[in-house]
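The tour below goes from one selection to the next.

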Amino acid sequence: ILSMLYLGSAILKGYADADYPAEDKPLVDWSLQTILFTIQQQFSGFLQNLSNRWLARFLQIVIFPLGKCRKEPSDKLGRQVADLL
């Protein structure tokens, strides 16, 4: 999870250092959406494997108070990225 957070911050830093080029925005959006979705899935898997169900339920409420709201990047965004590449 920490490596994913580091990667996301590096992407944002590089994008900011390049003065936010509009042509790179789909790449940044796709990357960050993928990273956040992966982190959500990793936390969810961790909570499912906890042996203490009460603790798992408590942590799920703390970590995901509104439920799992992150989704994978859309196909439309994936097509934009593919066109850029």
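**Stop 1: a pair in helix 2**

Select Lys25 and Asp29: they sit four residues apart in helix 2, so about one helical turn separates them. Helices here are DSSP runs of H or I with at least four residues, strands are runs of E with at least two, and both are numbered from the N terminus. This is a predicted model, in which local features need pLDDT of at least 70, side-chain atom pairs count only at pLDDT 80 or more, and totals for chains, interfaces and linings use all residues. Residues are numbered from 1 along each chain as its sequence is written, and side-chain values use heavy atoms, with hydrogens and water left out.

Lys25 and Asp29 form a salt bridge, their closest N and O atoms being 2.9 Å apart. The term means a side-chain nitrogen of Lys or Arg within 4 Å of a carboxyl oxygen of Asp or Glu. Lys25 is partly exposed at a relative accessible area of 41%, and Asp29 is partly exposed at 24%. Buried means under 20% relative accessible area, exposed over 50%, and partly exposed in between (1.4 Å probe, protein chains only).

**Stop 2: a pair in helix 1**

How many salt bridges does a search of the whole structure find? It finds two. For the other partners, select Lys13 and Asp17, whose closest N and O atoms are 3.0 Å apart. Both lie in helix 1 (residues 2-17), four residues apart, and both are exposed.

**Stop 3: the largest pocket**

Next, select Leu36, Ile39, Gln40, Phe43 and residues Ile63, Phe64, Pro65, Leu66, Gly67, Lys68, Cys69 and Arg70, which line the largest pocket. A pocket is found on a 1 Å grid over the protein atoms alone, as an open set of points where a 1.4 Å probe fits, with protein on both sides within 12 Å along at least five of seven lines; lining residues have an atom within 4 Å of a point. Its volume is about 190 Å³, counted as the space filled by probe spheres set on the points. Helix 2 (residues 25-48) gives the most to the lining, with four residues.

**Stop 4: Gln40**

Stay in helix 2 and select Gln40. Is Gln40 buried or exposed? With 6% relative accessibility, Gln40 is buried. Leaving aside residues up to four places away in sequence, Gln40 touches Phe64, Lys68, Cys69 and Arg70, where contact means heavy atoms within 4.5 Å.

**Stop 5: confidence**

Finally, colour by pLDDT, the predictor's confidence in each residue, from 0 to 100. The protein averages 94, and 100% of the residues score at least 70.
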